Every structure is written in structure tokens, then in C-alpha cells.
Amino acid sequence: MIESRIKDDAVYQPLTKINPAIGTETLAFFSRLGSIGVGNFGDVWKGELRTKQGVASVALRQITENSPDLLHLVTHLRNLPNHPNIVRCFGCCPDYRTMVNEFVSGGTLLTFLQFNNQTSKSPYANIKPLRPRFNETELLMFAWQVAKGMDFLESNKIVHGNLCAHNILMKEDPRMCKISDYGMTSIMSPAGNKPTRWMSPEGMQNKDWSLEGDVWSYGILLWEIVTLGARPYPQMTMEMVEQQVTMGYKMPRPSHCGQELYSIMTSCWEMEPAKRCSYDGIQQKLELTMELYHEYLSLQNLDEELYDDVADVTA
């Protein structure tokens, strides 16, 4: 595979704002990156986009259902200003029914959290890990970056509709969260509109997405970050989740999570959509928490919950 030797912005130059369509002759598919489920969205591939300026690595997302709105959607997404916490859309290839997006090499936030959760464990039961999984500032910075990106999308009237740690990609060097799969609700059919563990109560009832529903989902994502990639509503089936959430149930505060951070989650989980916290307010609260840095997220306490506090064998 030919490696790109051009700056990322160069791939924008031959793609005019008038025509976001990309010809098949300019694209090459390489390794399959994975699937995001059945229905409207198919597999994601790593590929190349060839332009007059050179060759750039891209992510190619296949759209399996026939949607007349795809070209219109991509035109709108391509014209968005660049944002550091948003995966950029370069265009689409109508012949392949494929969206062409920025390639982000670090995997998803969910796998990042879960992998570091596992690999930081000590192989011996009586010895604690040599390093903490994360420090508080790093986790809060992830949450702040996602809130910043969602604030940008909301200001452009773009509903995400499926905000979760699995749809946050990790940019490496420097490490940064970038929101993917935003704005796709317009090409999702009613058959694919199913309640999920990240959906707001009104979304579960009305089978619809909204900007306020994204705020609810952000609160669930924040819970994922705090728990290092745990599954929301553990030990509950989807039917139980839908029933309980629509009746006002909220996940309790994780024992290692401070009240200040949990209050941000619950401010996202107001039953009345209009009363939910704004992304600007979320950013301010997270900034204050990081600034004060009183270990609101005590990962030391989390380690104590997961490992027996055994005396040093060398003592």
C-alpha cells in the first residue's frame, strides 16, 4: 500500500463543494476494519483516496440500504468547518454506495478503555498493577473533547442519533477523541430504528432522534468513560432497560465516581428534554473539575475494589 506523504488537508483540494461525488477510479479498498451491525450500515474498510496532490488513507463506510438522501447528506457534512474532535467527511462514491471519511488509526474509545482496563491488571493476585489504568485528568479530557465536538454538531443542527463510546475514534500522537457516524439519522429506515441502551426515554417511546436525545446519550457515554468501557445498565435486558428508563430509572453512581461527576450524568438524564444540561455547561463543569483536581474519579479506589488489599509479601 502506498503511504500518504501529503498533509491531511490536501485531500480536500480536488473535491469541490459543488460536487462531493468521488469516482471509483480514485478509490482503492484495502483491509476491512469491522462491521457496525446490520441494516443501513455495512462494513468499514481502510482504503486510499488518490488526488492530484497525492494519496491519502481514508475510511470507507458502506451504506447497504438504498437512500436517495446520501448525496445530499454528504454534501452537507463535507461543507462543515474542520473541527479537531469530529471525523471529517471527504465525500461519497455513489457507485460503491460508500462514504469516504478521514481515517483515524487509534481504534474506538470503547476498545481503548477496555484494553487498558485489562492490560493494566497484574498477573499475580497479591500484587497490584505497577501503573494506574488512567489518571483522572486523562479520562475527564476524553469527556471534555466529546462534549466539545457535540457542541459543534449541535451548533450546526446535526443530530448524531447513536452517540456512544463505540462511535468515538481515538487519534494518536497526540491522543484525541474524534466523533464519527454523526448526521446519519436521515438515511436510517424505520426498520433500523430500534431502542438502544444509549437512547433517551422519549426516543424509546417515539422511535425518533433529537438534539436533546443526544445529550441523554452523552450522559451514558460519560458513564462508559467512568467505568472504563462497562456495558450500560449491566445485568438488564434491552426490554428491561426500555421499561425502566421510560419510567424514570437512572443508573446509580459508580462507587469510585465522585458526586460532582455523577451530577453531570444526571443533568443529562432529566426526563424533560428541555431541562437537560447544555454541552457548554458540561464543558464548564468538566473544566472546573479538572482545574480543581481533587481526584473526583478515584481510580485508586477502583483498584481497591477489583484487587484484594494483600500485605506486601516482602515485608
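Helix α5 (residues 211-226) comprises 16 residues and spans 23 Å from its first C-alpha to its last, close to the 22 Å expected at 1.5 Å a residue, where the expected span is 1.5 Å times one less than the number of residues. The structure is a predicted model, in which local features need pLDDT of at least 70, side-chain atom pairs count only at pLDDT 80 or more, and totals for chains, interfaces and linings use all residues. Residues are numbered from 1 along each chain as its sequence is written, and side-chain values use heavy atoms, with hydrogens and water left out. Helices (H or I, at least four residues) and strands (E, at least two) are DSSP runs numbered from the N terminus.

Of the 16 residues of α5, 14 are buried (under 20% relative accessible area; exposed is over 50%, partly exposed in between; 1.4 Å probe, protein chains only). Just after α5, L228 adopts a positive phi of about 55°.

Seven aromatic pairs are found in the whole structure. Rings of Phe, Tyr and Trp (its six-membered ring) pair if their centres lie within 6.5 Å; planes under 30 degrees apart count as stacked, over 60 as edge-to-face and the rest as tilted. Two of the pairs are tabulated.

| Pair | Centre to centre | Angle between planes | Class |
|---|---|---|---|
| F29 and Y96 | 5.4 Å | 80° | edge-to-face |
| Y233 and Y249 | 6.3 Å | 45° | tilted |

F29 lies in strand β1 (residues 27-35) and Y96 in the loop between β4 (89-93) and β5 (98-102), 67 residues apart. F29 is partly exposed at 29% relative accessibility, and Y96 is partly exposed at 38%. F29, W45 and Y96 form one aromatic cluster.

Y233 is buried, with a relative accessible area of 2%, whereas Y249 is partly exposed at 28%.
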